[in-house]
Amino acid sequence: MPDLLLELFSEEIPARMQAKAADDLKKMITDALVERGVVYEGASAYATPRRLALTVHGMPARQPDTREERKGPRVGAPDGAVQGFLKSAGLVSLDQAKIESDPKKGEFYVAVVEKPGRALPALIAEIVPEVVRTFPWPKSMRWGSGSLRWVRPLHSIICTFGPETEDPEVVPFEIEGVQVGDTTKGHRFLAPAEIRVKRFDDYVAKLEAAKVVLDPARRRDIILNDARNLAFAQGLELVEDDAVLHEAAGLVEWPVVLMGSFDESFLAVPDEAIQATIRANQKCFVVRDPKTGRLANRFILIANIEARDGGAAIVGGNERVIRARLSDAKFFWETDQKPLPGYEDRSDSVGKPLDQRLAKIIASNVVFHAKLGTQGERIERIARLAEAIAPLVGADPVRAARAARLAKADLASEMVGEFPELQGLMGRYYAAAQGEDPAVAAAVEDHWRPKGANDAVPSDPVAVAVALADKLDTLIGFWSIDEKPTGTKDPYALRRAALGLIRIILDNRLRLPLLATIARASFTDTDKVAVNLLDFFADRLKVQLRDQGARHDLVDAVFSLGGQDDLLLVVRRIEALGRFLGTDDGKALLAGTKRAANILRIEEKKDGANAYTGGADTGLLSEAEEKALYAALQSAKQSAAAAVAAEDYEGAMTALAQLRRPVDAFFDKILVNAEDARLRLNRLKLLEEIRMATRSVADFSRIEG
């Protein structure tokens, strides 16, 4: 079967755009083929700094023929309707249509429209220009006098189509003066001559011979393996960095791994700052000395050329830039540990460098949010809340308050000003340097965590208290001014803050009453905020549990009971409920409870809400099944309530399981809506008792199935 090869060759494509561009090219071309009825066996897209390439294999030679019946107007319809039908169907006269009959509508015209499939090259020549002109680059440009926009000037296009056993044909079209052909160019410096290609395998092999590795995954593998080996040869370990790896692979077509060095004096700077400096400025890897666990004064760079001097000039150029950048980092590091101007003679705690930066933040009245006050006011709110939370999580309140006050101080440091990604981390270094308690120093760094789904949560009690206080202050504050996430918009990362708070609570198995904790925050009207926030936490908890394979409806069933603000107990209850519903007893009880709830919902429309409260009258229980159900309910309610009070949710489920057979027997033998009004009411009260018994654990009406 024929295959398609497409290459769009241009000036350098930014590394950050390449992966998405390859995916977009594949999707746009294959979607357009499918829309035209063309099937294929597979497709793959690739990107290098100078080209996007696509192969689609296992395609037919022609588009399939189509046959469509179009229903027209009834026989005898006005001429205008008939003429419109003929035109839309492509018919000359009604003689080309057939007449069909419908028992209700009578006779009407039907046109059979048959379209022969087109040859694939003609379709491709139609699709590719359309895709190129509408390609969704984040940024694009025009050049010369043309109107085409592309990420960088487009130089050439390869588009060939044909079976493996024959020479493919060049699909003829042009875009803004760029003619399609079967030639491309290799590496800009190592093999700049034109290359004539046929199909994809031939294309890949000839590019490789011309010093171009087409597949970005293979370029990454080459870089990673060569970098590891080069470090190992020097007795060092590569510090792997996925961001650097992907960007480096997007900057080169022929990766060449080299090692450079810098002065050992720069190792006085924290490792993370060295790595951030080298990563940000030169897109290079750092290496570690396995004997010390610290960074070595070496770095690994990725060149795009096999230089005649073995890369000496390239290494030298990178060393000069890195030396200058590390000099800046060393200056920032040393400056941050010196007294600020105006604070040199302070003998109190403000004489410490990190405290001085905190004082600078407070004095400068930097606004956190127009409606939520300054950064200094926020820091004091977090400190008070952390102090209040500390006893609940096993932390020392004094240390928690101290850590909370220092937690944001490094935002005013030179190092964090240059490398914002080091916030918290540099604060820990500065806190340790000025002699803070180790738990306080660790909390300064860890209070930002978790920064993402794969990041660890803080575990030390002081760090936990500060992290919870920080996230709660953010959430409560923005809820109090009605700045909540809407749709896909979440400019203040409130969903991430809520997920982080949930993870801290659950991973540390904390018993934290959220409603009472929110009430301690320094905001007005926290009662209303607390209720709304609890709903938000429920939604975020659903997301987290769904990612772990749990059912979202069980979260609803537990939270709908109201007042469920202890997230650890909520999750335990959900887990026990999920296990119970997986048993035969659980499934049967759920079905019976839902049946009871449905009957009650219908009858409440007649009798009014709360018509069945107060419990059943034992004197009106005449049938054995009624009496058995009543007795089982009294026992199950008492046992389940005791188990819930003891936080034994497995025990509560076991107690509820006693209801399965009495409930089944009741519905099998008893007519709820009896003619006798007193019996009807009493039996409805029994159903209400079923509903209330299960509500000791969860609202079964919210459970699907």
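Let's start with Q564, which is buried, at a relative accessible area of 16%; buried here means under 20% relative accessible area, exposed means over 50%, and partly exposed is in between, with a 1.4 Å probe and protein chains only. Q564 is found in the loop between α19 (552-559) and α20 (567-581). Helices (H or I, at least four residues) and strands (E, at least two) are DSSP runs, numbered from the N terminus. What does Q564 touch, leaving aside its neighbours within four places in sequence? Its contacts there are L534, V558, F559, V570 and R573, where contact means heavy atoms within 4.5 Å.

A word on the source before I go on. This is a predicted model, in which local features need pLDDT of at least 70 and side-chain atom pairs count only at pLDDT 80 or more, while totals for chains, interfaces and linings use all residues. Residues are numbered from 1 along each chain as its sequence is written, and side-chain values use heavy atoms, with hydrogens and water left out.

Now please turn to helix α1. It covers residues 15-35, and at 1.5 Å a residue its 21 residues should span 30 Å; the end C-alpha atoms are 31 Å apart, which agrees. The expected span is 1.5 Å times one less than the number of residues. Among the buried residues of α1 are M17, L25, I29 and L33, and also Q18, D24 and T30. What covers them includes the strands β1 (3-10), β2 (42-48) and β3 (51-57), along with the helices α3 (120-133), α5 (216-233) and α6 (242-251). After α1 comes G37, with a positive phi near 80 degrees.

On to the strands. There is an open sheet of 3 strands in the order β4-β6-β5, paired antiparallel; two strands pair if DSSP finds at least two bridges between them. β4 (66-74) and β5 (98-102) stand at the edges with a single partner strand each, so one side of each has no neighbour in the sheet. On average, neighbouring strands of this sheet are turned by 35 degrees against each other, direction ignored. Axes are lines fitted to C-alpha atoms, for helices over the stretch in contact, and angles run from 0 to 180 degrees between N-to-C directions.

How many bridges join β5 to β6? There are 5, and β6 spans residues 106-115. S101 has E107 in β6 as its bridge partner. Helix α2 (residues 79-89) lies across β4 and β6, and runs at about 175 degrees to β4.

Elsewhere, strand β14 (residues 256-261) has 5 of its 6 residues buried, so it is largely enclosed by the rest of the structure. β14 pairs with strand β16 (residues 295-303) in the antiparallel sense, over 6 bridges. In that pairing, M259 stands opposite I300 of β16.

Next, the aromatic rings. Rings of Phe, Tyr and Trp (its six-membered ring) pair if their centres lie within 6.5 Å; planes under 30 degrees apart count as stacked, over 60 as edge-to-face and the rest as tilted. The count by this rule is 12 aromatic pairs. One of them is F200 with Y203, a tilted pair at 6.4 Å centre to centre with 40 degrees between the planes. Both residues sit in helix α4 (residues 200-209), 3 residues apart, about one turn of the helix, and both are buried. F666 and F667 make an edge-to-face pair, 5.6 Å centre to centre with 75 degrees between the planes. F666 is buried at 0% relative accessible area, and F667 is buried at 9%. Back at F200 and Y203, ring pairs link these two and Y46 into a cluster.

Two rings have a charge over them, meaning that NZ of Lys or CZ of Arg is within 6 Å of the ring centre and within 35 degrees of the ring normal. R378 lies over the face of F368, 4.5 Å from the ring centre. K408 has its charged end over the ring of W448, 3.9 Å from the centre.

Finally, some backbone details. Most residues other than glycine have a negative phi, and most peptide bonds are trans. Where is the cis peptide bond? It joins R449 and P450, with omega about -5 degrees, and P450 lies in the loop between α14 (438-446) and α15 (461-480). K283 has a positive phi near 55 degrees; K283 is in the loop between α7 (271-282) and β15 (285-288), and is partly exposed at 26% relative accessibility. N365 also has a positive phi, near 55 degrees, and its place is in the loop between α9 (353-364) and β17 (367-369).
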